[in-house]
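Visitor: I'd like to learn how to read a structure like this one, feature by feature. Could you walk me through it?

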Amino acid sequence: MSLFSFNKQKIDKFLLNSGFTVLELIAVIAIISILTLIGISGFRENTREVDKDRAVNGILLSLREVQVLATTAREFPTGSGEFDNGFGLFIEKDATEYILFGDTNTNDEYDQSFNCSFDDSGECIEERIIEASFSIDEICVGSNCGYDKLHVLFRRPSLGPVITADGNR
């Protein structure tokens, strides 16, 4: 007599009864699908928020850049011998880009069209695109909203900005 005895009928019956039914498989697939859809929608929302934060941080870094340009007494335009010009950022409502500029005529505003290619005054330093194709929906200064154009300018020796919205300070 052997130490282990196998009953072929019991083994065949066990193998036939072990496994999953079609209904169980469909239920598991449905649960996995629902969880995947929830995860993908949450991922998309999170990605959009991260893109928006990057776009805002890009504009804030540009503001800091023009503040540094203004406080370091940079000659602008190059070769002009002018070191007192302010530097600023100009943005329009519904725009997907903004302008870094040097204020050559000391009126605290960017005076040209929104395209650096057509800048006759030489005020445009650089045109930058807002990341992830975001645009400016609304311009507010303090609690006042509804502006179409915003100029933020820094001029030596003050570190504070001169903010002009639609011609109003």
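Visitor: How many bridges join E6 to strand E7, and do they run parallel or antiparallel?

Guide: First, the ground rules. This is a predicted model, where local features need pLDDT of at least 70 and side-chain atom pairs count only at pLDDT 80 or more, while totals for chains, interfaces and linings use all residues. Residues are numbered from 1 along each chain as its sequence is written, and side-chain values use heavy atoms, with hydrogens and water left out. As for terms, helices (H or I, at least four residues) and strands (E, at least two) are DSSP runs numbered from the N terminus, and two strands pair if DSSP finds at least two bridges between them. Here, E6 and E7 (residues 161-165) are antiparallel, with five bridges between them. His151 has Thr164 of E7 as its bridge partner, and the hairpin that joins E6 to E7 goes through six residues.

Visitor: Which residues of H2 are buried?

Guide: The general idea is that an α-helix has 3.6 residues a turn, so residues three or four places apart point the same way. Buried means under 20% relative accessible area, exposed over 50%, and partly exposed in between (1.4 Å probe, protein chains only). In H2 the buried residues are Ala55, Gly58, Ile59, Ser62, Val66, Gln67, Leu69 and Ala70. They pack against strands E1 (86-92), E2 (97-103), E3 (124-129) and E6 (149-154), where contact means heavy atoms within 4.5 Å.

Visitor: What about the largest nonpolar core: which residues touch the most other members?

Guide: A nonpolar core is a set of buried Ala, Val, Leu, Ile, Met, Phe, Trp, Tyr and Cys residues joined through side-chain atoms within 4.5 Å. The largest one here has 20 residues, and Phe87, Ile91, Tyr98, Ile130, Ile136, Ile139 and Leu150 touch the most other members. H2, E1, E2 and E6 each give two or more residues to this core, and H2 gives the most, with five. Apart from it lies another core, of eight residues, including Ile99, Phe101, Tyr110 and Phe114.

Visitor: How do I read aromatic rings, and how many aromatic pairs does the structure hold?

Guide: A pair of aromatic rings is described by the distance of the centres and the angle of the planes. Rings of Phe, Tyr and Trp (its six-membered ring) pair if their centres lie within 6.5 Å; planes under 30 degrees apart count as stacked, over 60 as edge-to-face and the rest as tilted. There are three such pairs here. Phe76 and Phe87 have ring centres 5.5 Å apart and planes at 65°, so that pair is edge-to-face. It links distant parts of the chain, eleven residues apart: Phe76 is in the loop between H2 and E1, and Phe87 is in strand E1. Both Phe76 and Phe87 are buried.

Visitor: And are the rings of Phe90 and Tyr110 stacked or tilted?

Guide: Their centres are 5.5 Å apart and their planes at 35°, so the pair is tilted. Since Phe90 sits in strand E1 and Tyr110 in the loop between E2 and E3, the pair ties together parts 20 residues apart in sequence. Phe90 and Tyr110 are both buried, and together with Phe101 they form one aromatic cluster.

Visitor: Last one, salt bridges: what is the count by the rule?

Guide: The rule asks for a side-chain nitrogen of Lys or Arg within 4 Å of a carboxyl oxygen of Asp or Glu. By that rule the count is nine. One of them joins Arg54 and Glu131, at 2.6 Å from N to O. Arg54 is in helix H2 and Glu131 in the loop between E3 and strand E4 (139-141), 77 residues apart. Asp51 is linked with Arg54 and Glu131 in a network of salt bridges.

Visitor: Is Arg128, which forms a salt bridge with Glu65, buried or exposed?

Guide: Arg128 is buried, at 18% relative accessible area, whereas Glu65 is partly exposed, at 33%. Their closest N and O atoms are 2.8 Å apart.
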